[in-house]
Amino acid sequence: MKCRRSAKKAGGHRLEPQDIARTPRVPDFLLSVFLPPGVVGESIKGDLDQEFDETVASGSAVSARIRYWLEAMRFVGRYGVLRLSARLKSQFRKAQPAGGELMGMFWQDVRVAARRLARNPLFTLIAVATLALGIGANTAVFSLVNGILLKPLPFDEPDELVSIWHTAPGLGLELLQQSPAFHFTYVDQNRSFSEIGMWDVQLASVTGLQEPEEVESIRVTEGTFRALRLQPALGRIFNAEDCTPGTPRTVILGHGYWRTRFGGDVEILGQTVTVDGTAREIIGVMPEATRFMDRNPAFFVPLRFNTATVVVGNLAYMALARLKPGVTLEQANADVLRMARLAVERYPGGVTLDVLEQAEFDANLRPLKVDLVGDVQEVLWVLLGTVAVVLLIACANVANLFLVRAESRERELAIRVAMGAGKMHVAGEFLRESMILTAMGAAVGLGVAHFGLRLARALGTQQLPRLSEVALDSSVLLFTLVISAAAGLFFGMFPIWRRCRNSVLEALKTGGRGGSFGIEKRRTQNVLVVVQMALALLLLVGSGLLIRSFQALRSVDPGFYHPEEVLTLRLSIPYAEVADPVEVARAYERIGQRLTQIPGVESVGLSSSVAMDHRDNFAPVFVEDFPPEEGSLPQPRRLKWAEANYLEAMQIPMVVGRPIEWQDAFELNDVVMISENLARAYWDSPASAIGKRISTGMVEGRWSEIVGVVGNVRDDGFDMDQPTVVYWPILQRDYWGGSTADAGTLQVQRSMAYVIRSPRVRSADFLIEVKEAIWSVNPNLPLAAVRTLNDLMSANLARTSFALIMLGVAAAAALVLGTIGVYGVVSYIVSQRTHEFGVRLALGARAADVRAMVLMRGLVLSAIGVGVGLGAAAGLTRTLESLLFGVEAVDPLTFGVTAVSMTVVATIASLVPALRASRLNPVEAIRFE
């Protein structure tokens, strides 16, 4: 006889039935499975129940539940191990003489479960499709996380690789790059690195093959390849001689460029290629899979410096190093700071020790992988959490389907248990079915993941690094296996738990379609629907915040107008092509004049940097009227070189004054234009800045007059502040103090961007006419970075738009699954209450009353889900703050609109079964019952 909790006195007070709290359900279920049958199990359960009641009566309900959990788990562990051991021994004894009978029984059970699922194809199809969506989304996003964030860099011992950065908070600069003077000092004097390399990216002109072309190249010092431990597929890497001025020029080809431009010629070594007007000997070809910092350059060339002329300054190069074994980042940072001070003494004439102190100069080394990945990791972790929520919603949906299906089999299962079938056998049936469904869902999900990755690659080309390393590899497949098994256990346990809580007698009495379906039986399904609604609303709120953020970004005034009508391209005139700086400027002027003759061209401008192209050039700018305090440095400002028509072509307003003319460049006039925010930083109004003088301090006593103030431009992107900018003529004297390679004292900008405004920029033949116009002036000048200004703006929105689209897809899937969940539960309630509704209608109830009754059920579920979801969203959407612009993480408008929309969708989902219930024929409903 089963023990019941007694109502004994506790502390002189007799426990009444309403005073007795219910014991926790989960340990109750586990005890019913694992405790031995008969007197022993009933005695243990009775003692636990009695102790629980007495502890509750003493006023410690929380303590009672914790104690009950602990004691129950102790008995579950003890008897679970004994039962498992006995079962394994029994199975082993049965299987031993049969030789494989156990495995045969297993496959027989699997076939039976598969046949049972096949007899209900609609249920199977919906469950597999739902699981495939959730598993596929998780697999696709995890493959991105794995390939981009988790995989080590494709170099030998990548954890030893660091990037060398510096910081100068005294100047407001968080990151400073490498200087040649620093590099040579670090190579000679370091105690922390086994190898050090310096590199940068540049566009190089290649002539003599077919038509001239401009391709990406990477300039490296001799230690760069050694630090990365890269070896070419053909030939050799650069040595000290290659990096010494005055020696023969050499080049190493990238594998792709070698294949496409040289046909994969294995006899290529020793041949020459003309780069920037100079013949270079090909000494190597890189391996096929080699990517340099996620770049695939056409070729590599050696960086060359004359150590006799370098000074501390020109921090314009990237640097990397390999740490010696056992050296930490902290030790390496201290070593770099020591060597930076030493470099100032070894290479005098540039930055002084006083300047380093004023700038609060310090080292800022970090793992090389951080530079490669950048800030995309925030987006990817948010997406992984998002698709995990989608999988939870999918599992909750399938769990509801399983519960509905289990209810339809309740009488069958009760009869089988009454005839002697064990609870473990019944549980095994549900688990086998759930595992078959998850296996099918995982298989289809891999296909979903494949197409999802193609979508991610298409959307994230400009945003995601290391995309070439993203694949459905063994680690991703293992992840898919784990989440599939976890999902199968999750939704497979719900009918088992329900089955073990119901008594056989109750099931036999109420089983069948017409049995009563009380609140207790609906509670689990209602909870699952509420969870689905809450999770779906959470994702919809996140998606809504990103939509509002995207709209805010798009509404920001960039400082220029009609970007869809502007074509930008970059030209470089190398020293070997045109040596004289004046002739370089003349060539740029003639090309601009020729471009204006193309039909439909409204204006053509020229600048060293176009808005949002992220070609940065900074230097401290001195203002004559506001000298810095003694021993301090002025704030760095962005520098650009431009001519008059650049403002017209970009439609950047001239606030006051005049633009820089070509005449200013050729007459070497010391004039500049400045941005409006820079003018207001020093003077009350832009007009007050006209006639004032500024300097970069490169040449003592050299000042340039401000002749114009132009509008502010968001050069760094929509979500960044407008930088202060100084515009210079493209031809100047002694701008860098006479330290460049140009002859004499004249310096010219050899890489410039043209801005061409025309309504024809999207036409097929417009670019052909542009090329012909340029090559009519100089046929050896290749075009590079050809794109519209609108493309540049879209690239700056890539991070937000990628996150928006991916989160929007996930939110849409969550909304669909949540809607299906509401519809399914309400429909099932209607099917179970068919007899009740028929009686109500037969007794005179109005159809509207029945319809309202059903609708109310859906509205109550949705209201609870919306409330829970809003609470969760208020806490979790703060993780999106780094992706938001112009909107708060807890935005009332977004939360309100999302909640109302979710309620409307849930109402529509409940309306169909409500209409079906109100249109029942009472006679048919009662007869059917």
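In the largest nonpolar core of this predicted model, which comprises 95 residues, Leu144, Ile148, Leu380, Leu437 and Leu464 touch the most other members; such a core is a set of buried Ala, Val, Leu, Ile, Met, Phe, Trp, Tyr and Cys residues joined through side-chain atoms within 4.5 Å, where buried denotes under 20% relative accessible area with a 1.4 Å probe and protein chains only. Leu464 touches Leu144, Ile148, Val376, Leu380, Ala456 and Phe802, with residues up to four places away in sequence not counted and contact meaning heavy atoms within 4.5 Å. A second, separate core of 46 residues includes Val623, Trp683, Trp728 and Leu783.

Helix H6 (residues 180-189) is largely enclosed by the rest of the structure, because seven of its 10 residues are buried, namely Pro180, Ala181, Phe182, His183, Phe184, Thr185 and Tyr186. The cover over these buried residues includes strand E4 (166-168), strand E6 (193-207) and helix H9.

Residues are numbered from 1 along each chain as its sequence is written. Local features need pLDDT of at least 70 and side-chain atom pairs count only at pLDDT 80 or more, whereas totals for chains, interfaces and linings use all residues, and side-chain values use heavy atoms, with hydrogens and water left out.

How values were computed: Buried < 20%, exposed > 50% of the residue type's maximum accessible area, 1.4 Å probe, protein only. Helix = DSSP H or I, 4+ residues; strand = E, 2+ residues; numbered from the N terminus.
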